[in-house]
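Work through these exercises with the structure in view. Try each task before you read its solution.

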Amino acid sequence: MASEKGTLYIKGSRDVEVTKPDVTLGDLLSMECTDRAVLAKIRSLKLLKFKKSGRQRCVVSILKIIGRIHEVCPSLDVQNMGEQDIIVTYEDQKTPALAWHIAKTAFVAAVTFFGAAFSIMAFNNDVDVTKLFGQIYEFVTGESTNSITVLEVTYSVGVTAGILIFFNHFGKKRFTVDPTPMEIQMRLYENDIQTTLIENSDRKGEEIDVGGVGAADISGDRRT
Amino acid sequence: MWAEWVQQIFLGIVGLSAGVAVAGGLFAFIVELGVIADFADRTHTGEKILFYEDCTALGGILGNLIYVFGIGVPAGNAGLGIFGIFAGIFTGCWAMALAEILNVFPVFMRRARIVRYMTVLVVSLAVGKGLGACLFFFQGW
């Protein structure tokens with residue numbers, strides 16, 4: 001068994017979703033090794049077992065994964081090129097009801113649409129743009145006016161242009177190749193959630209690490 | 001004649017710049033507070049984020065047109081109710097997102113050494129906001 005030589009490179013992302021209750025190393029990591037046979041063996045190694053039903057989540061330390069590999073191939077050199085803690089989420093994959101999904105999307109669409117409309121009107125009302133336009137018009141032309149002037153028209157064009165430039169797309173059409181601000185926000189939010197999950201489980205001592213799991217494995221240093 | 005044209009063009013430039021600046025500022029404020037990203041995440045519809053952006057953009061554009069030109073929308077009381085509930089949800093989330101981004105809660109929790117009963121705090125916050133809004137409208141402030 002101890003004949004494996006060479007280096008195994010592993011890389012995992014921070015957030016993995018699995019649909020089977022038995023989690024193997026291949027589900028969590030991508031890996032590379034010169035010895036193909038070792039690669040196949042390690043890919044199918046079982047790491048976790050979830051209960052069949054419901055949604056469950058745990059955080060696995062990369063040390064636990066390396067430990068598991070070393071149980072089978074003690075002389076293998078393992079190099080981690082990816083994350084140090086991996087969030088594993090198990091979800092019993094029921095086909096999500098399409099109608100429910102559409103209903104949720106419609107709800108968020110309504111909230112954002114009416115919310116944005118309300119916000120711009122609230123802003124216009126707050127600073128009283130109608131009055132301000134009248135004042136600017138009188139300042140420039142010397143005549144007071146109560147009707148719609150060029151200011152109202154260009155302001156509306158400006159607001160429209162500003163919104164589209166800011167969001168960087170309309171419909172499927174993108175103006176530049178950059179991600180839109182909302183996509184960036186979405187990623188930032190996900191990152192915050194992942195960091196919180198990992199740190200929470202570490203603080204509560206729930207992380208599956210080499211120190212806590214398995215009585216024989218007392219050499220592992222508990223992190224504080 | 002000449003001077004009048006120059007004035008109109010000048011006003012046009014002022015209006016255009018004002019519009020772009022206002023749109024940039026207001027919508028940066030909405031997006032950077034992460035309200036909409038929050039909605040998408042909570043409802044697990046993250047792949048629809050571009051659609052939500054379109055809705056936000058469209059809402060802003062139409063809302064502005066309706067306000068500035070005083071366009072009448074014959075939607076009746078039902079339409080008003082729909083507008084009210086969704087605009088209310090949005091504003092409520094927005095206000096809370098603002099408090100969240102400014103780290104109001106963590107600071108107070110730490111100062112007052114509150115570690116439990118967070119749910120009570122959140123509920124009382126929501127009820128307080130609702131009562132405040134009711135008081136404001138019914139008193140006609």
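**Exercise 1.** State which domains chain A has, and how far apart their centres lie.

*Solution.* Step one: read the bounds, which come from an automatic or database domain assignment. Domain 1 of chain A is 6-94 + 204-213, and domain 2 is 98-199. Step two: take the centres over C-alpha atoms; 44 Å separate them.

This is a predicted model: local features need pLDDT of at least 70, side-chain atom pairs count only at pLDDT 80 or more, and totals for chains, interfaces and linings use all residues. Residues are numbered from 1 along each chain as its sequence is written, while chains are lettered from A and ligands numbered from 1 in the order in which they are written.

**Exercise 2.** Check the span of helix H6 (residues 118-138) of chain B, then decide whether this helix is packed in or in the open.

*Solution.* Helices are DSSP runs (H or I, at least four residues), numbered from the N terminus. The expected span is 1.5 Å times one less than the number of residues. For the 21 residues of H6(B), that gives 30 Å. The end C-alpha atoms are 30 Å apart, which agrees. Next, burial: a residue is buried if 20 or more other C-beta atoms, placed from the backbone, lie within 10 Å of its own, exposed if 12 or fewer, and partly exposed in between. The number buried in H6(B) is zero, so this helix lies largely in the open. Just after H6(B), Gly140(B) takes a positive phi of about 65 degrees.

**Exercise 3.** Find contacts of Phe114(A).

*Solution.* Contact means C-beta atoms, placed from the backbone, within 7 Å. Skip residues up to four places away in sequence; Phe114(A) then touches Gly59(B), Phe83(B), Phe86(B), Ala87(B) and Phe90(B).

Note on methods: Two residues are in contact if their C-beta atoms, placed from the backbone, lie within 7 Å. Helices (H or I, at least four residues) and strands (E, at least two) are DSSP runs, numbered from the N terminus.
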